[in-house]
Amino acid sequence: MSRYNRHIILSEIGQIGQDKISKAKVLVIGAGGLGCPVLQYLAAAGIGTLGIMDFDVVSESNLQRQVLFGTSTLSVNKALAAKKRLEDLNNTITINAYPKRLTSRNALEIFKNYDIIVDGTDNFETRYLVNDASILTNKPLVYGGIYKFEGQLSVFNYNNGPSYRCLFPSPPEAGTIPNCSEIGVLGVLPGIIGTMQANEVIKIILELGNVLSGRVLYYNALSSEMTSIKINKSETEIQKVINNKPFFNSKEEEIKCTVTIPEISIEEVFKNNNLQFIDVREMEEQPKVTSINPLYLPLSEFENNLDKIDLEKTKVIFCQAGIRSKSAVSILQKYRINNSYSIKEGALEIIEYIKKNGK
Amino acid sequence: MKLAIKYFGQLAEITECSEEEFEFSGMKISDLREALFLKYSKLSNKDFQIAQNQVLVSDDTEITTNEIALLPPFAGG
């Protein structure tokens, strides 16, 4: 087959190596900025079985970096849209699409059918879930994360090596570290980091070179610098995950039992009177929504400034994408400050709504 | 002791530099954390790990070299 000729003529790979690639089963969680390049190169390389998991649909703002999609797949589920595109790229491999959310209920069952897991998710809750499920099913995890112009990369749970929890033992407090939809990202950055993830997957399969295990790599797209930091394995952190296995499936229950955050849409907001708008974005974030005269209380200092809030008014909180505003409402709930709502939409949508409809 | 500290991601936005020389007289990584929080109060709200000489270290590690890096987690994908 001439499809893989350029691999086969490499003495380091050869037909034997290509056969290993054809037998490999790789599951990619998240078909977004990172997932797209990972999937593209793994499908092209001829990975025998590729799993794609994503519950989300393609939106126009994804197209700046999520290179498997186009205008014809807007509003289509990402796992299904990616499968369709990749089947055209390589019709000799098996592609399984999972158009649903990864949960602690389905993770172990799905992971056990694959050899290698790739993390292309965009939030800490799912990243820790992916890590823990990889430990419990004993699968190597190829991890990538991005922030504006910087990326990080590592391989966890590989040959008894460290896990994500050995690097960062527990998730940061909700809302303290924004994701791409909130703060923006250079489109080419996930392309670079995702392609490096695909490279680590191939190295694991071929047992070639030095797999990036026991190290985390930081890449800065603006300075073009890379920094590699050694990580040691923490038996305690890994043992905690293993000890929790019996409770793994019930984790979701815990999340569901926590208090729900009252949310409100822009349209509903303006049906009310006596409102106090609060912008919880950091001061440098744009655009400002000056027409509603908000109180500026960045989430990083929110808890120390609760005295500035007018308790008599209905508190309506917003941010860039409706995520940090929920964290702010949960802080208010902690202090029993009621009558507080998180706007579902972000600042940009609020400005557009006001432009179109007035207040 | 003069330390050379590198900051990544959001941390570099708080310190407004990706690298700086930092005069420090403490012993341990935990002392360094406190000294950094004094200079940059906003760092105290952030989750990050510290590496010394390109190796991740814990708070009770003694500082023996001048090469330090502050490493935050990244959520985005």
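Predicted model: local features only at pLDDT ≥ 70, side-chain atom pairs only at ≥ 80, totals over all residues.
In chain A, strand E10 (residues 275-279) and strand E12 (residues 314-318) run parallel to each other and are joined over five bridges.

- E10 and E12 belong to an open sheet of five strands in chain A, ordered E9-E13-E12-E10-E11 with parallel pairing.
- Strand E9 (263-264) and strand E11 (295-296) of chain A form the edges, and each of them pairs on one side only.
- For a specific point of reference, A:Asp279 has A:Phe318, in E12(A), as its bridge partner.
- Helix H14 (residues 324-334) of chain A packs on this sheet, where it touches E9, E12 and strand E13 (340-343) of chain A.
- The direction of H14 makes about 170 degrees with that of E13(A).
- As background, strands of a sheet pair through backbone hydrogen bonds, in either a parallel or an antiparallel way.

**Where chain B meets chain A**

- On the chain B side 22 residues are in contact with chain A, and on the chain A side 40 residues are in contact with chain B.
- Between them, the two chains bury about 2,500 Å², with 57% of that on carbon and sulfur atoms.
- If you like to think in terms of interface size, it is often given as the accessible area lost when the parts come together.

**Polar contacts and the make-up of the chain B side**

- Chain B and chain A share 15 residue pairs in polar contact, with both residues at pLDDT 80 or more.
- At least two residues each on the side of chain B that touches chain A come from helix H1 (9-15), strand E3 (49-52), strand E4 (55-57) and strand E5 (67-71) of chain B.
- H1(B) gives the most to that side, namely three residues.
- Sorted by class, the side of chain B that touches chain A holds 10 nonpolar, seven polar and five charged residues.

**Salt bridges**

- Over all chains, the whole structure has 16 salt bridges.
- Two salt bridges cross the interface of chain B and chain A.
- A:Lys148 and B:Glu13 form a salt bridge through their side chains, at 2.9 Å from N to O.
- Within chain A, the side chains of A:Lys83 and A:Glu87 form a salt bridge at 3.1 Å, N to O.
- A:Lys83 and A:Glu87 both sit in helix H4 (residues 78-89) of chain A, four residues apart, or about one turn of the helix.

Conventions: Residues numbered from 1 in each chain as written. Chains lettered and ligands numbered in written order. Heavy atoms only, no water. Contact = heavy atoms within 4.5 Å. Buried area = accessible area lost by both parts, 1.4 Å probe. Salt bridge = Lys/Arg side-chain N within 4 Å of Asp/Glu carboxyl O. Polar contact = N/O pair within 3.5 Å; in protein donor to acceptor, adjacent residues only side chain to side chain. Nonpolar A, V, L, I, M, F, W, Y, C, P; charged D, E, K, R; others polar. Pairing = 2+ DSSP bridges. Axes fitted to C-alpha atoms, helices over the stretch in contact; angles between N-to-C directions.
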